[in-house]
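I opened the notebook to look up a few things in this structure. I wanted to follow the contacts, then the helices, then the cores.

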Amino acid sequence: MPRSLRYAVLIPLSVLAFYVLFVLPDIDLGWPGGLAMLGAAWLVWYLLWSTMRESAAAAKTDESMATVSPGEQRAWIGVIFTAAILAYYALRGSQMVAADGSMAPEASAIGRHVGWLVVAWLVVMQVLRKRWRDTVEADERDRQIEARASGWARGGLSVFVLALAVMFAFSPLDHLAWARPMAMSNLLMAGLIASCLLEYAVTGITCWHDRRGA
Amino acid sequence: MTGTPIDNLIRKLRFEHDEMTQQALADACGITRQTVIALEAGKYAPSLELAFRIARVFGVGVEDVFQWKR
């Protein structure tokens, strides 16, 4: 199957797998159903991963093609995981808040799912680090790009905090009824994750832009 | 990265040195191949240290590799 067709099939399937595993309301399929669902999701992600590896290997053997550097790979993987965590917060964050504004019983399950995503991210990065053992992971240009991206992330986070401060300072109290402890906790976490997403995205886009024009 | 005011002859020097690959030059200088690509495309101005390392790989002076655009 051509690589572009494989991407066209596997990318929507991997998004669907993420949705089924993490976002759908908790439905009980029994252990065989749950195991089958988890196995299918991992298979789809593995096939997508191996297709990406094939593309990278093809580019490596061709001098006229620019390969994806470790720094760029790290950035795009960061984009995928931070976007997934942010999307998960956006879709299920409201379920973490109980009617009285405290922590809802579903909060621990939702928090556990976020924890799984972070663990999966760490595992992927560990595997990649082993593959990059004999290569230069980052040089002065990567560090320059990362410094620029950090500046963007710091700017984004500053705008977010300023917007919150202005909102709390100038909004009438009855407009701030939603701002209960758990809701505020989610909002602050989402802001922090969004700033990380911005940092990874700026890094990835800058590397891609350089590579595209090579 | 935007264009830089520094021109370079890295591509020419690579071919004069047994058609050295970008990866071989990158390995010799301790940088990634993507940085060699960005240098050759004129999208990145190297630090003084990297400029010296590249010149040393080719066995020439820094000004034989990098020139200020007039």
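**Contacts within chain A.** Among contacts with a separation of 6 or more, 82% join residues 24 or more positions apart. I note that this is a predicted model.

**Chain A overall.** I listed the helices and strands next. Chain A has 6 helices and 0 strands. Along the sequence, I read the pattern as α-α-α-α-α-α. I then checked the extent of the C-alpha trace of chain A, which spans about 65 × 50 × 30 Å along its principal axes. I also looked up burial. Chain A has 214 residues, and 18% of them count as buried.

**Where chain A meets chain B.** How many residues of each chain are in contact with the other chain? I found 15 residues of chain A in contact with 17 residues of chain B. On the chain A side, the elements giving two or more residues are α5 (140-170) and α6 (181-212). The largest share comes from α6(A), with 4 residues. I sorted the chain A side by residue type and got 4 nonpolar, 4 polar and 7 charged.

**A helix pair in chain B.** I turned to helix α2 (residues 22-29) and helix α3 (residues 33-40) of chain B. Their axes are 8 Å apart, and the helices pack at an angle of about 110°. Are they roughly parallel or roughly perpendicular to each other? Angles of 65 to 115 degrees count as roughly perpendicular, so α2(B) and α3(B) are roughly perpendicular to each other.

I then looked up the residues that meet. From α2(B) I wrote down B:Q22, B:Q23, B:L25 and B:A26. From α3(B) I wrote down B:R33, B:T35, B:V36 and B:I37. The residues of this contact divide into 4 nonpolar, 3 polar and 1 charged.

**Nonpolar cores.** Which residues make up the largest nonpolar core? I counted 12 residues in all: B:I10, B:L25, B:A26, B:C29, B:I31, B:V36, B:I37, B:A38, B:L39, B:Y44, B:I54 and B:V65. Helices α2 and α3 of chain B are the elements that give two or more residues to this core. The largest share, 4 residues, comes from α3(B).

Leaving aside residues up to four places away in sequence, B:I10 touches B:L39, B:E40, B:I54 and B:V65. I also found a second, separate core of 10 residues, which includes A:A149, A:L197, A:L198 and A:Y200.

Definitions and conventions. Residues numbered from 1 in each chain as written. Chains lettered and ligands numbered in written order. Predicted model: local features only at pLDDT ≥ 70, side-chain atom pairs only at ≥ 80, totals over all residues. Contact = placed C-beta atoms within 7 Å. Nonpolar A, V, L, I, M, F, W, Y, C, P; charged D, E, K, R; others polar. Axes fitted to C-alpha atoms, helices over the stretch in contact; angles between N-to-C directions. Parallel < 35°, antiparallel > 145°, perpendicular 65-115°, else oblique. Buried ≥ 20, exposed ≤ 12 C-beta atoms within 10 Å, placed from the backbone. Core = buried A, V, L, I, M, F, W, Y, C linked by C-beta atoms within 7 Å.
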